[in-house]
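Here is a walk through one protein chain, beginning with a single residue and ending with the chain as a whole.

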Amino acid sequence: SFCTLLAYPMSIPLRDVKLLRSIVDGLDKNRLSFYKPHKNRAAMALILRFNGDDGVKVARCFSNADRGINPKDVVDRLELHADAKAESSLSMLFLKKRLMEESRWAGVVAFPGGKRDRREEKTDFQTLRYYCDYQLGLPVDSPEFVVLGRLPDFFMYSRALGHGLMTARFVILHIGELTPSVRLAHHDIKALTWAPVSALTPANVKRNRQRHNFFAYFVRDDYQEFVSTHFAGSKLFFPSVDMPDHFGELWGFTLTSASTLLALHGQRRLDWPLFHSNSLFVQTFFVDAMHGYLEVTKNEVVAESRTQHLLSFAMIGFLALSVAVMVLSYIAVIIQAMALAANKAERIRRNKESIDSHLRPSSPILNDLVVDQEEDYRNRRNASRQAASERWLGQLEREAKEDAGKGGGAPAGREFISFTTAKGVTTTDRRIRESEPVAPEGETTQSAATPSGDA
């Protein structure tokens, strides 16, 4: 091997070697915390290799005896032949899903991998090995592929699965001399490409390309119905990167995984901010609040589970919003009722003042005149009542005399009593007695001598 190196002088890009060093050190630092247990699991691979002549140079640094070599030893050997003047040639494998109506991921740019659904697959790497062979025909367990480590497992909600999906992400470096030949599963995979890592920079990120409905990111149907009703026009815009040769747009989970890998080298995350909205309300009370929380926590694992936090923050936000709207509505109703009551009281007061102003005399002379008119009205009313009472009394007396002339005396028990009321009006009351008949004039009886008061 040493003679081969002398015969074929090599210069591997130093910037790519430094990137690999940062990736290996970062993955080794988190090797005890990348696994997260879950019922539904999947596996995917981020496969790296050097393009062109640099791939041949890298392959000459290793032999078949290096099977199972440590990732740090791989980087150490590459550093021996690093050249700071060489241009970057490190690339990453992407594939494009075939357009199928029954597939929700149709046309999406993704990494090789899939969901574990075979009983013989006991580990995540076995699942990865199966899908790499099934989709591309790549033997990732051969000496030409070195597993550099694993990124933290990524959890995604899925309406189809119900309980979500935990995805294991393996980082693999191809050290073979030739570009690995592939055998595409054409019924599932449309095409693949080796995209240069140097193209995945913040300057190439587009913020308004990927647009999706806000309610589409809620798992439960009742949540979707509520959000689609009240926020029908709200959209979420996700960052994306145009792939070379019009291969497609890199966004979503695939962009997040690539961004997480490159962030180990200190590069600013391509998927941050995770999304933004055209709705001021959603942007202020949901998007900004979520990003602020993630900034405060500074937790890489939490930041990656954006879908999980999307739902939790949405539920908390909508709950707080519902309570606030309910409280504000009650306060508004109370204030409106108080305002109506105050207006009604004010109208009553003004009407009363208007009536009083019309009825109240405007001078003492008019006041005396009103008093005199009221007193004159009372006197005339009393005089009228007195005259009516006297006429009635006279008629009764005439009837009594006529009865006495015909029958020799007044009817039994008839007596007329005149008295004066509290208002000074003389009235006559007719009462019935159960005593003996009244004697004619000139005759005296015991009952007639009885005082009228006793009767």
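A168 has 0% relative accessibility and is therefore buried (under 20% relative accessible area, with a 1.4 Å probe and protein chains only). The model is predicted: local features need pLDDT of at least 70 and side-chain atom pairs pLDDT 80 or more, while totals for chains, interfaces and linings use all residues. Numbering starts from 1 along each chain as its sequence is written, and side-chain values use heavy atoms, without hydrogens and water.

A168 sits in strand β8, residues 165-174; strands (E, at least two residues) and helices (H or I, at least four) are DSSP runs numbered from the N terminus. Beyond residues up to four places away in sequence, A168 touches R41, A42, A43, M44, D124, R150 and D153, where contact means heavy atoms within 4.5 Å.

Leaving aside neighbours within four places in sequence, the contacts of L48 include L20, I23, V171 and L261.

The chain as a whole contains eleven helices and 15 strands. Of its 455 residues, 37% are buried. Among contacts with a separation of 6 or more, 70% join residues 24 or more positions apart.

How values were computed. Buried means under 20% relative accessible area, exposed over 50%, partly exposed in between (1.4 Å probe, protein chains only).
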